[in-house]
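Hi everyone, thanks for coming. Have a look at the structure on the screen, and then I'll walk you through a few spots in it.

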Amino acid sequence: MLRMASSFPEEVLEHVFSFIYDDKDRNAISMVCKSWYEIERWCRRRIFVGNCYAVSPPMVIRRFPEVRSVELKGKPHFADFNLVPEGWGGYVYPWIAAMATAYPWLEEIRLKRMVVTDEALELIAKSFKNFKVLVLSSCEGFSTDGLAAIAANCRNLKELDLRESEVDDLSGHWLSHFPDSYTSLVSLNISCLGSEVSFSALERLVGRCPNLRTLRLNRAVPLDRLANILCRAPQLVELGTGTYSAELQPDVFSSLAGAFSGCKELRSLSGFWDAVPGYLPAIYPICPSLTSLNLSYATIQSTDLTKLVSQCQSLQRLWVLDYIEDIGLEALAAFCKDLRELRVFPSEPFAQEPNVSLTEQGLVSVSEGCPKLHSVLYFCRQMTNDALATIARNRPNMTRFRLCIIEPRAPDYITLQPLDDGFGAIVEHCKDLQRLSMAGLLTDRVFEHIGNHAKKLEMLSVAFAGDSDLGLHHVLSGCENLRKLEIRDCPFGDKALLVNAAKLETMRSLWMSSCSVSFGACKLLGQKIPRLNVEVMDERGPPGSRPESCPVEKLYIYRTVAGPRFDMPGFVWTMDEDSALRLS
Amino acid sequence: MMELQLGLALPTDTIKGLDLNSYVFDPNKDAARSSRQLIIMNQGMVHPWLSTGTNSAAAAAEDDDFISNHQKRSFYDAFEEIYDMPRTLPLLLWSKQPNEEEDDERNKDHEKSFPSASNKVDGAGDGIVGWPPIKFQRRKISHRSRKSRMENDRRVDNGCADCHGRPSNSMYVKVKMEGVAIGRKIDLSLYNSFQALKHTLLGMFGICQENSSSHKLTFQDSEGDWLLADDVPWRSFIWSVQRLKLIRSSR
């Protein structure tokens, strides 16, 4: 093997490696021998860091000196639901600062759940001459001033995508900072912004960028301006409308319908805030070619929704509010045979009583009618074991299954039994299941099923479930491919964690909040397993001020080669050898 | 017969960039001693916990006693003896007496046994933090649509003149100023920052901008507590605000 490896000149190997893009494959290559490791590290162009604290910027830069594209993720997933207090961390500035000197030819930065400041954006704008792609997904901490810096300085920018970020929206003026000479825009997503951008600046920008294929507008763009924008970009493939509401006027309608008809390449639609049913027919001409439709902000009712989806025979992805009801989902099942992904969001998540007729039956219908359905996110108010078992048998190709029943610990509403067997059927039949979120009344038995069957499971979300540590033990000891585990409000304590301590180093992270893990156990884990950061979050004050047996509020454990971090706020403590001394 | 139950072997191929081979295991460790302490964790079989504490096995069966001070001593004692155990083995030797323990667990009232967020549902309908698990942007929309239905009814009655044809997804909350008898209402959906909000509020009550520091903005959150608006980020504020009050700064 050694002889074979050294008989190829470096250039040949490098050329061969240039066809390998996947991180896992690249990692495998780098472990063949020292010379392959060396060659590979010099030609790796794309880095993905799933937890920004798992490794430090200098370590990445030292190993991979010629990177062009970086993707980083920061806060734990439960930060989306307000479970991670402000100030927790996930700051991108240290990364940008390090890369500004190390990677002057950096082209792409993709961030998720990170804190991005205007300083960081300004540094990006002035450090990377060939900067092309900025994607800020669920990020926060920056304002439209930072965006202005990007617009003004990044001459080669192709993609600016702010999806679901929280931006301090000082004004819409930033968009006008794109110089008149700037024509390279391919993708712009400003749907999360609140304030109005100058419509004329927007129209001019759209008009002078011939390669523009994705445009997601914000709510402040009124419906009567949409036609003008579309006419300037008939090559658009993905469009997010602004507010989809206006007084019904025939001329507005006909120019809108005409503009949509002119967009022959349009495959994906989103936006539709405040959608008014009278304007929906404007998109009917393009419905048959749509592959992706996001109506999750459209408060239209089931009749109009049913009429709409019935025309989308090519639909692969649908995001919609539960206004669609079971009846709309039956139509979906009947007409949209190419459906791969369905997400149904709750229109009234806090109401006690159901406001729509959406039940387990809707999901069963879609599972029957759509043979390619493999990704589901479904919010509902009732479920049965039978329905789950039917879905499982219908769709053994399911890879992502996330169910949320609005009421925590809701049992099978017909038999009043826990939903253990239903979810058991899911993991048993769906052998390729990668992601699972469970709901309803669940005992340790469901975890036994998961541990026994969910061998490909990579991410599991659990809330208000289980009886004892045995539940957690089943998952940690059985799920061989588990990478991310997030748990809230479950009666899991120290035992399962400590027995399976070694497992934690094979995972990206574990989140546990409102469980029963004691401070003593956290200290033990932190001391004994050096390559884990065991972070305790407690807003009641230092955990050392309470007995060791006292459960911690929140616990976030992640593997890392960078050691404990030092940018934590006052309510986060890292358990390690030093802290044991400091806190005792 | 002592079988070794590995928690999990550490696979070397799934970890990016981690050097798994740097752990140092002392091979001179007394093998007999460590194997005596290795415990089976095997699908409900009952095995006593062999630690130095003589009554630890019995104590371990009771979940409540487990984390008591008494147990803590023998727990740490046990750990010290197995300090040099290879990393593939568990840190804790857990004796599981399944029948006893499971019954205890099942009978336990979950809500009493751990400090979870309460299940109480207040008037706002969202008593549990972060539940249901929807993102901030979607929460706001539904909040808006509920209030906007109320507002729509009101608007139909009053013939709202200053709507400018805006779509009705408003988020009206009551505002009071300290010392002023009549309260007002403001649509929070129109704002993205405290600065702009405070500006408008002061204007509503006739406070000119030079005197803007004369009052502080406070709000009542979904749990009924009154908080200073500037102490929390905008996102948390919008998430939980029920009503507003302007109070004098000199307090």
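So, how many aromatic pairs does the structure hold over all chains? The structure holds 23 of them. For a pair, rings of Phe, Tyr and Trp (its six-membered ring) need centres within 6.5 Å; planes under 30 degrees apart count as stacked, over 60 as edge-to-face and the rest as tilted.

Take A:F17 and A:W36: their ring centres are 5.4 Å apart with planes at 65°, so this pair is edge-to-face. A:F17 sits in helix α2 (residues 10–17) of chain A and A:W36 in helix α4 (residues 34–43) of chain A, so the pair ties together parts 19 residues apart in sequence. Helices here are DSSP runs (H or I, at least four residues), strands are E runs of at least two, and both are numbered from the N terminus. A:F17 counts as buried because its relative accessibility is 2%. Buried means under 20% relative accessible area, exposed over 50%, and partly exposed in between, using a 1.4 Å probe and protein chains only. A:W36, at 17%, is buried too.

Over in chain B, B:F194 and B:W234 also make an edge-to-face pair, 5.0 Å centre to centre and 70° between the planes. This pair links distant parts of the chain, with B:F194 in helix α8 (residues 194–204) of chain B and B:W234 in helix α9 (residues 234–240) of chain B, 40 residues apart.

Before I go on, a word on the ground rules. This is a predicted model, where local features need pLDDT of at least 70 and side-chain atom pairs count only at pLDDT 80 or more, while totals for chains, interfaces and linings use all residues. Residues are numbered from 1 along each chain as its sequence is written, chains are lettered from A and ligands numbered from 1 in the order written, and side-chain values use heavy atoms, leaving out hydrogens and water.

Most residues other than glycine have a negative phi, and most peptide bonds are trans. What kind of peptide bond joins B:W131 and B:P132? That one is cis, with omega about -5°. B:P132 is in the loop between α6 (110–113) and α7 (136–158) of chain B.

A:R113 has a positive phi, near 50°. You'll find A:R113 in the loop between β3 (108–112) and α7 (118–127) of chain A, and it is buried at 10%.

Last stop: helix α18 (residues 469–478) of chain A is mostly covered, with nine of its 10 residues buried. Thanks, folks!
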